[in-house]
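Dear colleague,

I am passing on the structure we talked about, with the sequence alongside it. Please look it over first, and then read the notes below, which set out what was found.

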Amino acid sequence: MRAFVSVALAVTWRGIHNAFTNPSILVPSLLFPLFFFTAFAGGLSRVSDVPGFDYPAGYTAFQFVFVFLQSAAFGGIFNGFAIARDFESGFSRRLLLAAPRRTGIIAGYAIVALVRWAATASIVFSIALLSGMKVLGDPDELLALILLGLLLNVAAVLWAAGIAMRFRTLQAGPLMQVPVFLTLFLAPVYVPLDLLNGWIHTVASVNPATFLLEAGRGLFSGQPTEVGVAFAIALGGVALLTVWAVRGLKSAESAG
Amino acid sequence: MSGSPLLLQVGYLARRSVLRTLRQPMNVVPSFVFPLILLAVNVGGLQSAARIPGFPAASYLDFALAFTFLQGALFATTNAGTDLARDIQTGFLNRLALTPMRSAALLLGQLAGVIALALIQATLYLTVGLIAGVRPETGVAGVFLIVFLGLLIALAFGAIGAFLALRTGSGEAIQALFPLFFVFLFLSSMNLPRNLIEIEWFRTVATINPVSYLIEGIRSLIITGWDVQALLLGFGLAAGIAVVALTAASVALEGRLARS
């Protein structure tokens, strides 16, 4: 256990140092959620006039929850790029040789993703509040939303780590991003599920991201809904993707 | 090549540019697929926006189709820029500077690949739109004009990509600028008409943003009919951006050739 912790902490320190001292790594992960929040909440606020749109906290809050969870997912994916870069530079090979407990490497990368997302989420939340966003959920409900985001962040970094450790190149970046991007955008991003029609309603109804999004929006507006299902999905996702990432690590070990 | 007319020089480089563009599926395929994916997602998610009082189209698909052309042109920017930057990094441009090749030929030839790609994109987007039920208000003539405006926009954006490549000489720098261009696209009237954008500062930004008028030029041909003002603004701005970017790229090219 001690070896696991020491490896995890070493990877964490290095990852945080790299992320927060290199603007080309930090800035995109900060700007993307802000940009989406601005474009969606600012440009589409009139969508709240669509008959049947009844989200009590308003359109800005409706979009904030999406951007909050999206930033959690993409925070994890961005860290997958860092893992791939470490393999390309040869650092990971040396790390695999030196680490007494290699699963600590995955834990370290996951902690880095959490720290990076914490910074991003704080900034996005502050700006959303400054823009006049209404928060109707109580502190417990907001805490539950944050926990949901944390689980999503961990699930995303485990997914990306699994890819990065299998392919060991930045060229696998689209494989990390595209499935997550599609899963998130095939959920009810712009309007509630009830207002979607046709194929996208069918897809969104079975999309796991829909449950996370609906639960998050319910918590944020003080009207919790499907919270248990959302946490079950998030925890199940973390469990499955832990196996995926550890197998990826084994693949990287086998490749030498 | 000595004494060759400009057109012959352009032809050689255009052939190279077109072949190089079409031989890179990793560059070409996303420029076809991503705009259509985003179109599908946006239309699915925002179909109910067509029920907002004052919305100018009966179907959100009719309204949104124009945006795919702009997104395709954005890929043209990065493709043109990245290819030219690669020519700089590999020394191709330096070797070319030793020949009697005129700089205008180099630039126009380079952009031929962008135009070829944009033509395929425009045909694909329109075909998908027509299959999905879009019926442009301006008929067959309007379809040709949509393609023409799409090509002009791709030329303008491609020239910006070429200028940036000549200034930076780095493909990585061009790729890094992609998100910045994306911001321009999103802070426009891509999702809702400007008069329906409720947040004042956003409406102001969308009004200042030339991208709004490029989208509205194409969109007017699909949902409005022959809207002279929208067309003049669309074509005028696209041509203006193309002229400014080509001029800037020419100056940057002269400077780079003088240094090499």
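**The nonpolar core**

Leu212(A), Ile153(B), Ala156(B) and Ala159(B) touch the most other members of the largest nonpolar core, which holds 161 residues. The element that gives the most to this core is helix α3 of chain A (residues 59-89), with 18 residues. Please keep in mind throughout that this is a predicted model. Leaving out residues up to four places away in sequence, Leu212(A) touches Leu69(A), Leu148(A) and Leu152(A), and also Ala230(A), Ile233(A) and Ala234(A). As a general background, nonpolar side chains tend to be buried together in soluble globular proteins.

**Ile105(A)**

Is Ile105(A) buried or exposed? Ile105(A) has 25 C-beta neighbours inside 10 Å, and because the cut-off for a buried residue is 20 or more, Ile105(A) counts as buried. When its neighbours within four places in sequence are set aside, Ile105(A) is in contact with Val7(A), Val11(A), Leu95(A), Ala99(A) and Leu249(A). The C-alpha atoms of Ile105(A) and Val5(A) are separated by 9.4 Å, although these two residues are 100 residues apart along the chain.

**The two chains**

Chain A has 10 helices and 0 strands, and its radius of gyration is 19 Å, close to the 18 Å that the globule rule gives for 256 residues, so chain A is as compact as a globular protein of that length. Along the principal axes, the C-alpha atoms of chain A fill a box of roughly 60 × 35 × 35 Å. Buried residues make up 48% of the 256 residues in chain A, and of the contacts in this chain with a separation of 6 or more, 81% are accounted for by residues 24 or more positions apart.

Chain B likewise comes to 10 helices and 0 strands, and its radius of gyration of 19 Å is close to the 18 Å that the globule rule gives for 260 residues, so chain B is as compact as a globular protein of that length. The C-alpha trace of chain B spans about 65 × 35 × 35 Å along its principal axes, and buried residues make up 45% of its 260 residues.

**Where the chains meet**

The contact takes 23 residues from chain A and 20 residues from chain B. On the side of chain A that touches chain B, α2 (23-43) and α8 (198-206) each supply at least two residues, and α2(A) gives the most, with 5 residues. By class, that side of chain A has 16 nonpolar, 5 polar and 2 charged residues.

Turning to α2(A) itself, its 21 residues should span 30 Å at 1.5 Å a residue, which agrees with the 28 Å between its end C-alpha atoms. The buried residues in α2(A) include Phe32(A), Pro33(A), Phe37(A) and Phe40(A).

**Confidence**

The predictor gives the complex an ipTM of 0.71 and a pTM of 0.81. Chain B averages a pLDDT of 87, with 95% of the residues scoring at least 70. Where pLDDT is low, the predicted coordinates should not be read in detail.

With best wishes

Conventions: Residues are numbered from 1 along each chain as its sequence is written. Chains are lettered from A and ligands numbered from 1 in the order in which they are written. This is a predicted model: local features need pLDDT of at least 70, side-chain atom pairs count only at pLDDT 80 or more; totals for chains, interfaces and linings use all residues. A nonpolar core is a set of buried Ala, Val, Leu, Ile, Met, Phe, Trp, Tyr and Cys residues joined through C-beta atoms within 7 Å. A residue is buried if 20 or more other C-beta atoms lie within 10 Å of its own, exposed if 12 or fewer, and partly exposed in between; C-beta atoms are placed from the backbone. Helices (H or I, at least four residues) and strands (E, at least two) are DSSP runs, numbered from the N terminus. Two residues are in contact if their C-beta atoms, placed from the backbone, lie within 7 Å. Ala, Val, Leu, Ile, Met, Phe, Trp, Tyr, Cys and Pro count as nonpolar, Asp, Glu, Lys and Arg as charged, and the others, Gly among them, as polar. pLDDT is the predictor's confidence in each residue, from 0 to 100. The radius of gyration is taken over C-alpha atoms; the globule rule is 2.2 Å times the number of residues to the power 0.38. The expected span of a helix is 1.5 Å times one less than its number of residues.
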